[in-house]
Amino acid sequence: MLSPHASFASFVIGSGNRLAATAARAVAESPGAAYNPLYIYARPGLGKTHLLMAIGHEAIQFDSSRTVEYVTVDDFIEAYHAALAAGQAEAYRRRFTEADVVLLDDAQLLADRRELQAELLRLIDVLTVADRQIVLAGDRPPEEIQMLDERLIRRFAGGLVIDISSPDYETRLAILSRRANERQAEFAPGVLAAVAELPIATVRELLGALNRLIAQAAVQEEPLNVAQVRRILAALGAPAAAAPTAPAADAMGIDNESDQVS
């Protein structure tokens, strides 16, 4: 199921995810016309699942008659085996081969699953021939998935394989500002910048830090100041709380996880 919060509108664009977001929009607007298959990879918490779901929302928004299927690898396997046991394997396959957009999450779980890899290979071939779109997301590039069929690696390479990297300072600040605004949380000048200065590597961890500050602000009378914020985050084990990184020149996305998140 697509999360209603995982849209392109809620995805903060920066230098680390700009190419992935641009490619995602392209396939959402014109499924099957470019980057097919599209494979997006990133470490957990950087927004790949958010982008995957945003593609589904945008595809339907452009054309309400489109059918979109989102599924994780584990759910795909479980449902496929249930369909086999019920003698409905072909009907289950048609659910995906007849969809306009197929979104497959947690692609790294394809490792060592030869039967599933064979099904996926057939699915990709059917969808691409019919100009239907398939998008996959995983936590590593295809060639690093253990025992992945070389034919699948070639199929992915024939579309587009693209990564999302960690957000830089400008992006972290944009994410914090947007989420604080959404939650109607107000902070003293410099507080969010102090959090953004920390070398936090994922959006999920960044939002966790913001949640801690919002909770702390709710139980004290005086507004949080920068010194308090750094002490709070240092006590939580935030990286290099006393040694902020220098702001970068460019600006990433907020899931989901969701990712902007995962």
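Which residue of β3 is the bridge partner of Tyr70? In this predicted model, local features need pLDDT of at least 70 and side-chain atom pairs count only at pLDDT 80 or more, while totals for chains, interfaces and linings use all residues. Residues are numbered from 1 along each chain as its sequence is written, and side-chain values use heavy atoms, with hydrogens and water left out.

The partner of Tyr70 is Leu103. This bridge belongs to the parallel pairing of β2 with strand β3 (residues 101–105), which extends over five bridges; two strands pair if DSSP finds at least two bridges between them. Strands (E, at least two residues) and helices (H or I, at least four) are DSSP runs, numbered from the N terminus. Angles run from 0 to 180 degrees between N-to-C directions, and axes are lines fitted to C-alpha atoms, for helices over the stretch in contact.

Turning to the helix pair, α1 (residues 18–29) and α2 (residues 48–62) pack at about 35°, their axes 8 Å apart. Their contact (heavy atoms within 4.5 Å) involves, among others, Ala24 and Ala28 of α1 and Leu51 and Phe62 of α2.
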